[in-house]
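Dear colleague,

Please find below the structure that I am handing over to you, together with its sequence.

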Amino acid sequence: MVPTLFAILTLAVLYWFPIRRWMSRWGAAPTDLSRSMAGDSLLADPTYSGTMAVSVDAPPEDIWPWLMQIGYQRGGLYSYDWLDRLFGYLDRPSATRILPEFQDLAVGDEIPLGRGPSWPVAVVEPRRALVLDMRNMGGFDWVWQFGLYMVDEKRTRLVSRSRVRTQSVWERLFTYAIEPAGFLMTRRMLLGVKERAEALRAGRTGTRGGRRAA
């Protein structure tokens, strides 16, 4: 019994400190963690904040259209489609082309999510920032934002930041439980956008895109 308890405690400590910290900062440079993003002011004193990022070998204009068309019966989520379809968040594979009919997303619009609640759009700064405001939608508040930051003419940092504020101990425990799944899906989404944006740039310029993301 004692060795088992020790092993469980060791795993819990490893997850809570290095692993959980790594997940909440995956791919993020110090500048990504410290930068102010467009939706930060919407949620003060979050009980959870995670910033993830990826470098894209493409300018913002090749990344932005993919963010504009996210959602159910739109462009999808660019993550693990089989899981999103299994849980009813999507009804088809994520798009691999730009869909012109979904490029006019505006503040006040709601992005549908199949069985889940729609995501209200709070901020749209073309080729710079998209903020989704899921406050007052149940037991916790959630603000999810994407930012595009140019490194040079050919490279862009794509940054995702989630800020959550729970209203009870049980909701906080629930957010802890789903953090690994949220990490995996968000990571895959960022890489999915990266792949598509780099392919779009390669097709537009006639050059080879970056290496395929894993």
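Asp40 lies in the loop that joins helix H2 (30-34) to strand E1. Please bear in mind that this is a predicted model. Asp40 counts as buried because its relative accessible area is 16%, and the cut-off for buried is under 20%. Its side chain makes a polar contact of 2.9 Å with the side chain of Arg161. Neighbours within four places in sequence aside, Asp40 is in contact with Arg35, Gln145, Arg161 and Arg163.

Next, the nonpolar core. The largest one holds 33 residues, of which Leu67, Ile70, Trp119, Leu130, Leu132 and Leu158 touch the most other members. Several elements each supply at least two of its residues, including strand E1 (48-56), helix H3 (60-68) and strand E3 (116-125). Helix H5 provides the largest share, 6 residues. As for Trp119, its contacts beyond four places in sequence include Ile70, Leu77, Leu132, Trp142 and Trp144.

Finally, the largest pocket has a volume of about 1200 Å³. It is lined by 36 residues, and those closest to its centre are Trp142, Ile178, Ala181, Gly182 and Thr186. Among the elements that give two or more residues to this lining are helix H1 (2-24), helix H4 (81-86) and strand E6 (156-166). H5 contributes the most to the lining, with 10 residues. Sorted by class, the lining has 22 nonpolar, 11 polar and 3 charged residues.

Yours sincerely,
A colleague

Notes:
Residues numbered from 1 in each chain as written. Predicted model: local features only at pLDDT ≥ 70, side-chain atom pairs only at ≥ 80, totals over all residues. Heavy atoms only, no water. Core = buried A, V, L, I, M, F, W, Y, C linked by side-chain atoms within 4.5 Å. Buried < 20%, exposed > 50% of the residue type's maximum accessible area, 1.4 Å probe, protein only. Helix = DSSP H or I, 4+ residues; strand = E, 2+ residues; numbered from the N terminus. Contact = heavy atoms within 4.5 Å. 1 Å grid on protein atoms, 1.4 Å probe; cavity = no way out; pocket = protein on both sides within 12 Å on 5 of 7 lines; lining within 4 Å. Points joined across faces, edges and corners; volume = space filled by probe spheres on them. Nonpolar A, V, L, I, M, F, W, Y, C, P; charged D, E, K, R; others polar. Polar contact = N/O pair within 3.5 Å; in protein donor to acceptor, adjacent residues only side chain to side chain.
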